[in-house]
Amino acid sequence: MYIPAHFSARPESLRNLLAAPGAANLVTVTDQGLLATLLPFAYNPVVGEHGALQAHMARNNPQWSRVPTGEALAIIQGPDDYVSPSWYASKAEHGRVVPTWNYSTAHVYGELVVHDDAGWLARHVRHLTALHEDGREEPWAVDDAPEKFIAGQLRAIVGVELVITRIEAKEKLSQNRSEADAKGVAAGLRASGREAGAAAVERARP
């Protein structure tokens, strides 16, 4: 990933990207070419030297059974937004402005481990569900469903764990613009209903 120094993600920003409940594109290179699947994941910091991304996919998905060549890659995406030049204070000053795109992303590389056992999968789906149900007035739990039904669902999936070896992370959030321009971007995004993007721009200021 091309990462200019001023767009390098700060450690706390990377931790937030990894820990926030979300999904990532898992990409593997196999003897039959590239394979990719978008998967909800949970970050487990105690696995290996750098932690692991834990997920699951349909048993019928061929990606898990085709041995990857070299590292696997998970692409995590944070807020991303179109930035209009009209939001910059500098537009009124000299007009030398163009549109751009703000985004946060992490490329997470590692060894892919397959977990084809009900115990690992049961723990994983309970944890993943709890992450996403947290904060709801009436959170749903896996055990709310009939035991035999859940057992059947678990037989239809396979666990995949990316044991992390290295991470490249980037935040392009108007850090290269003046304070006035960045404030204009945050205000423009917020007025457009893009609160996550606006808050990201504000957090990225030094």
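## Strand pairing in the barrel

Strands β4 and β5 run antiparallel and are joined by 10 bridges. Two strands count as paired if DSSP finds at least two bridges between them. Strands here are DSSP runs of E with at least two residues, helices are runs of H or I with at least four residues, and both are numbered from the N terminus. D80 stands opposite Y103 in β5. The model is a predicted one, in which local features need pLDDT of at least 70 and side-chain atom pairs count only at pLDDT 80 or more, while totals for chains, interfaces and linings use all residues. Residues are numbered from 1 along each chain as its sequence is written, and side-chain values use heavy atoms, with hydrogens and water left out.

β5 (residues 100-115) also runs antiparallel to β6 (residues 157-172), with 13 bridges between these two strands. T105 has K170 in β6 as its bridge partner. Four bridges link β1 to β4, again in the antiparallel sense, and A24 is partnered by I76 in β4. Six strands form a closed barrel in the order β1-β2-β3-β6-β5-β4, with antiparallel pairing. On average, neighbouring strands of this sheet are turned by 40 degrees against each other, direction ignored.

## Helix α3 on the sheet

Helix α3 (residues 118-133) packs on the sheet and touches β1 (22-30), β2 (33-44), β3 (52-58), β5 and β6. Contact means heavy atoms within 4.5 Å. The direction of α3 makes about 105 degrees with that of β3. Such angles run from 0 to 180 degrees between N-to-C directions, and axes are lines fitted to C-alpha atoms, for helices over the stretch in contact.

## Helices α5 and α6

Two packed helices are described by the angle between their axes and the distance between the axes. For α5 (residues 179-191) and α6, the angle is about 165 degrees and the axes are 7 Å apart. The two helices are therefore roughly antiparallel to each other; the classes are roughly parallel under 35 degrees, roughly antiparallel over 145, roughly perpendicular from 65 to 115, and oblique for the rest. The crossing of α5 and α6 is left-handed, a term for a near helix turned anticlockwise from the far one by less than a right angle, with clockwise giving right-handed.

On the α5 side, A182, V185, A186, L189 and R190 meet E195, G197, A198, A199, V201 and E202 of α6. By class, this contact has seven nonpolar, one polar and three charged residues.

## Burial in α6

G197, A198, A199, A200, V201 and A204 of α6 are buried, meaning under 20% relative accessible area, with exposed over 50% and partly exposed in between (1.4 Å probe, protein chains only). The cover over the buried residues of α6 includes β4 (72-83), β5 and α5.

A196 also lies in α6, which spans residues 195-204. A196 counts as partly exposed because its relative accessibility is 46%. Between A196 and E179 there are 17 residues of sequence separation and 19 Å in space, C-alpha to C-alpha.

## The chain overall

The protein chain has six helices and six strands, which run α-β-β-β-β-α-β-α-α-β-α-α from the N terminus on. Its C-alpha trace spans about 65 × 45 × 30 Å along the principal axes.

Of the 206 residues in the protein chain, 43% are buried. Among contacts with a separation of 6 or more, 74% are between residues 24 or more positions apart.

Notes. Ala, Val, Leu, Ile, Met, Phe, Trp, Tyr, Cys and Pro count as nonpolar, Asp, Glu, Lys and Arg as charged, and the others, Gly among them, as polar.
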